[in-house]
Amino acid sequence: MNFLSSSWAYIVEWFSYSERILPSLLNGGKITLMVFVLTLVMSLPLGLVISLMRISKIAPLKWFASAYIWILRGTPLLLQLYFVYFGLPNIGITLDGITSAVTAFVLNYAAYFAEIYRAGIESIDRGQYEAGKVLGFSQSQIMRRIIIPQTLSRIIPPITNETITLVKDTALITAISVSELLRAAKGAVNRDMNTTAFLLAALLYLFFTLLLTILFKFTEKRFSRHIRRES
């Protein structure tokens, strides 16, 4: 009975403590979610533009895109974050923490998305291009009406993986003192000497990634059905 009583008391205390610290974690989660959404909304179209430059026949555009992808994929995201937040003020550009985080994340993830787009575009059979030319489509029409719709259905799985990685990478912005989810959890742990906040933060990250996984699986099925109907 004593064991059951003490166990029940511990559980009640744990839930009571979790209830007290959850609001601060949710506030940090809002910052995490905001950085995630802004990064995704801006890096996906930017990545497409860079990928089109990468496969362009215009040499300067191709060289620029290749160099961009090489630099952004070849250096750590944390280093890029430090450069934007601490380095840009040296040339007169000062950004707040959230703006610095979004800027660094957009530039970094656009490079990864660009390579995913490029691989998807190059996986399309050359006969699709020839068919478009026979129908009288211009190069831009072929890309917009034939190539890109088929590419999107093929790149959803790797885009999903990168997006889930993005959720976890948002924890890096604690390094520039932005009060996101991990920083809020760390503050609670340091204050109360209790690791419950880390557990709750982990559950919130898992919840975010679960929602994304479900959303992308639904999107992949919709695209697959659309492509089958078109073909």
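Predicted model: local features only at pLDDT ≥ 70, side-chain atom pairs only at ≥ 80, totals over all residues.
Leaving aside neighbours within four places in sequence, with which residues is T209 in contact? Side-chain values use heavy atoms, with hydrogens and water left out. On this basis, T209 is in contact with I164 and V167, contact being defined as heavy atoms within 4.5 Å. T209 lies in helix 8, where helices are DSSP runs of H or I with at least four residues, numbered from the N terminus. T209 is buried, with a relative accessible area of 14%; buried denotes under 20% relative accessible area, exposed over 50%, and partly exposed the range in between, with a 1.4 Å probe and protein chains only.

The largest nonpolar core contains 41 residues, among which L25, F113 and I173 touch the most other members; such a core is a set of buried Ala, Val, Leu, Ile, Met, Phe, Trp, Tyr and Cys residues joined through side-chain atoms within 4.5 Å. At least two residues of this core are supplied by each of helix 1 (2-54), helix 3 (77-87), helix 4 (97-122), helix 6 (139-169), helix 7 (181-192) and helix 8 (196-230), and helix 4 gives the most, with nine residues. When its neighbours within four places in sequence are set aside, F113 is in contact with L40, S43, L44, G47, I159, E162 and T163. A second, separate core is made up of nine residues, including M53, A65, Y68 and A114.

Within helix 3, the buried residues are L77, Q80, L81, V84 and G87, and what covers them includes helix 2 (59-74), helix 4 and helix 6. In general, an α-helix has 3.6 residues a turn, so residues three or four places apart point the same way.

The C-alpha atom of S177 is separated by 9.5 Å from that of I98, although the two residues are 79 residues apart along the chain.

Note on methods. Residues numbered from 1 in each chain as written.
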